[in-house]
Amino acid sequence: MSKVTFYNTLTGKKEEFKPITPGVALMYNCGPTVYNSAHIGNLRAYVFADVLRRTLEYSGYKVKQVMNITDVGHLTSDGDEGDDKMVKALKRLGKPMTLPAMREVADIYTEAFKKDLQALNILAPHEMPRASDHINEDIELIKTLEEKGVAYRISDGLYFDTAKFPDYGKLGNINLTGQQAGARVEVKSEKKNQKDFTLWKLSSNELGFESPWGKGFPGWHIECSAMSRKYLGQPFDIHTGGIDHIPVHHNNEIAQSESAYGVPLANFWMHNEFVNMGEAKMAKSGEDFITLQTLKDHGIDPLAYRYYLLCANYQTPMTFSWEALFATNVAYRNLLWAFWSLSGDGNTHTEYAEKFEKVMNDNLNTSEAVAVLWELIKDSKISKADKRTSIIHFDKILGLDIVEQSSTHCGNMVSSDVPEKILKLIEERENAREAKNYKESDRLRDLIQSEGYEILDTEAGATIRKIPRASVRKIF
Ligand code: AMP
Ligand code: ZN
């Protein structure tokens with residue numbers, strides 16, 4: 001088992017990963033709230049979790065991965081204010097205010113989410129528990145918290161008393177003064193402390209589940225505490241989510257689970273940075289709502305988006321830009337072409353494999369791993385067969401589906417499809433290149449591209465293929 005090091009938000013430093021049970025890694029990923037499609041920012045959280053799982057598996061761990069589906073109880077504000085997001089979806093879609101209708105909406109977006117995972121070549125988690133199937137587990141956990149004297153009742157529900165958990169805010173060492181009454185959200189006067197949070201929210205309109213406290217919904221945080229315990233036990237090894245979860249959701253999970261059972265919730269906490277829209281926040285509505293389908297409509301391959309994410313480390317904020325995505329789409333195709341031009345079964349190149357593993361095992365340095373991959377491709381001292389075998393090996397972690405995709409994309413290239421006019425331009429370009437007239441050869445390349453064809457200079461020589469229509473329009 002090779003040594004793997006991760007940045008742990010709990011301790012604020014990089015640490016060697018030490019599992020609870022040797023050879024096994026138990027991991028929980030906070031999953032999507034299924035009131036709408038996932039936006040591409042959300043999907044970064046799951047590509048990150050997938051790369052983490054693949055890295056652990058590559059290192060020899062048996063991973064158990066649990067990703068929940070939040071289909072009840074997530075309010076629009078972290079501060080226990082606003083509507084339930086699922087109720088908002090019912091209103092938006094003109095559905096009746098009933099639990100079966102809520103489940104139906106959740107089904108639609110859960111299926112859409114699973115399709116997104118597949119399109120991004122994300123391995124299916126071993127369990128994907130739905131919050132609405134675990135109301136009893138939530139109730140049991142809340143009862144335990146009541147028995148321990150850390151919950152109290154006010155008019156709209158049951159709350160966790162954060163003053164009873166001295167370690168509150170330990171994850172990410174959050175500045176609690178920033179969350180005092182009136183600091184961020186409207187003051188809810190009945191709460192003992194502004195940072196206290198809902199365990200069970202009473203329904204204001206008959207919609208909800210029965211409970212010892214009245215009809216209503218579990219709090220969003222309690223769901224993750226209850227489901228992670230059910231499927232992984234407590235403590236488990238790794239808990240992940242986006243950085244927005246650090247100050248509230250994850251600190252609240254810790255407070256509940258640790259108060260109830262007296263042991264840590266998870267040993268490692270890992271958080272991905274955001275994909276931002278410049279100044280704006282990526283949203284699940286409006287113009288900044290960019291889904292995988294939006295990318296596909298612009299001719300961008302979902303796996304090129306995965307590649308785009310890998311080109312930055314998970315702790316680096318990314319700013320969305322169409323230009324960068326179009327460029328990555330081309331780079332991804334170039335990678336497929338480079339692979340296509342290789343043949344034979346060889347050996348994984350030891351030196352490159354060591355380099356690759358070293359950077360991945362150092363807190364998932366995917367940007368360096370991609371650089372190592374290209375270095376290998378360009379290294380003329382290595383045989384085609386060894387390159388090919390090494391790339392297949394590295395792709396176990398990168399998950400770019402290189403073998404399948406290169407065959408789909410490049411295998412469809414049929415030179416007889418290329419019109420006479422384009423072939424003529426290619427010939428002219430070859431002549432210009434031979435004469436070292438690179439200005440002219442670049443001009444001809446652009447001209448060929450504007451006609452909807454792209455030239456790829458692979459090891460086997462220049463090849464030509466038709467560019468999918470949507471990307472012709474957008475890229476050039
Ligand atoms: P949600 O469906 O809103 O509960 O979010 C699902 C996951 O996406 C969570 O882990 C969030 O932390 C993460 N997330 C939300 N917005 C972004 C973003 N713009 N970039 C990266 N991750 C995000
Ligand atoms: Zn969660």
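This is a predicted model: local features need pLDDT of at least 70, side-chain atom pairs count only at pLDDT 80 or more; totals for chains, interfaces and linings use all residues.

Reader: Which protein donors does the zinc ion (ligand 2) have?

Author: Donors are N, O and S atoms within 2.8 Å of the metal (3.2 Å for Na, K and Ca), and water is not among the atoms, so sites may look incomplete. Here they are Cys30 (SG), Cys224 (SG) and His249 (NE2), lying 2.1 to 2.2 Å from the zinc ion. Their sequence spacing reads C-x193-C-x24-H. Cys30 sits in the loop between strand 3 (24–29) and helix 1 (40–58), and His249 belongs to helix 6 (residues 246–261), so this pair, 219 residues apart, links distant parts of the chain. Helices (H or I, at least four residues) and strands (E, at least two) are DSSP runs, numbered from the N terminus.

Reader: Is Cys30 buried or exposed? And what about His249: buried or exposed?

Author: Buried means under 20% relative accessible area, exposed over 50%, and partly exposed in between (1.4 Å probe, protein chains only). Cys30 has 6%, so it's buried; His249, at 0%, is buried too.

Reader: How does Lys14 count on that scale?

Author: Lys14, in strand 2 (residues 13–16), comes out at 47%, so it is partly exposed. Contact means heavy atoms within 4.5 Å. Beyond four places in sequence, Lys14 touches Thr5, Phe6, Tyr7, Asp362 and Asn363. Thr5, from strand 1 (residues 5–8), is buried at 18%.

Reader: At what angle do helix 9 and helix 11 pack?

Author: Axes are lines fitted to C-alpha atoms, for helices over the stretch in contact, and angles run from 0 to 180 degrees between N-to-C directions. Helix 9 (residues 322–340) and helix 11 (residues 366–378) pack at about 40°, with axes 11 Å apart. That makes them oblique: under 35 degrees is roughly parallel, over 145 roughly antiparallel, 65 to 115 roughly perpendicular, and the rest oblique. Ala331, Asn334, Leu335 and Ala338 of helix 9 meet Leu373, Trp374 and Ile377 of helix 11.

Notes. Residues are numbered from 1 along each chain as its sequence is written. Chains are lettered from A and ligands numbered from 1 in the order in which they are written. Side-chain values use heavy atoms; hydrogens and water are left out.
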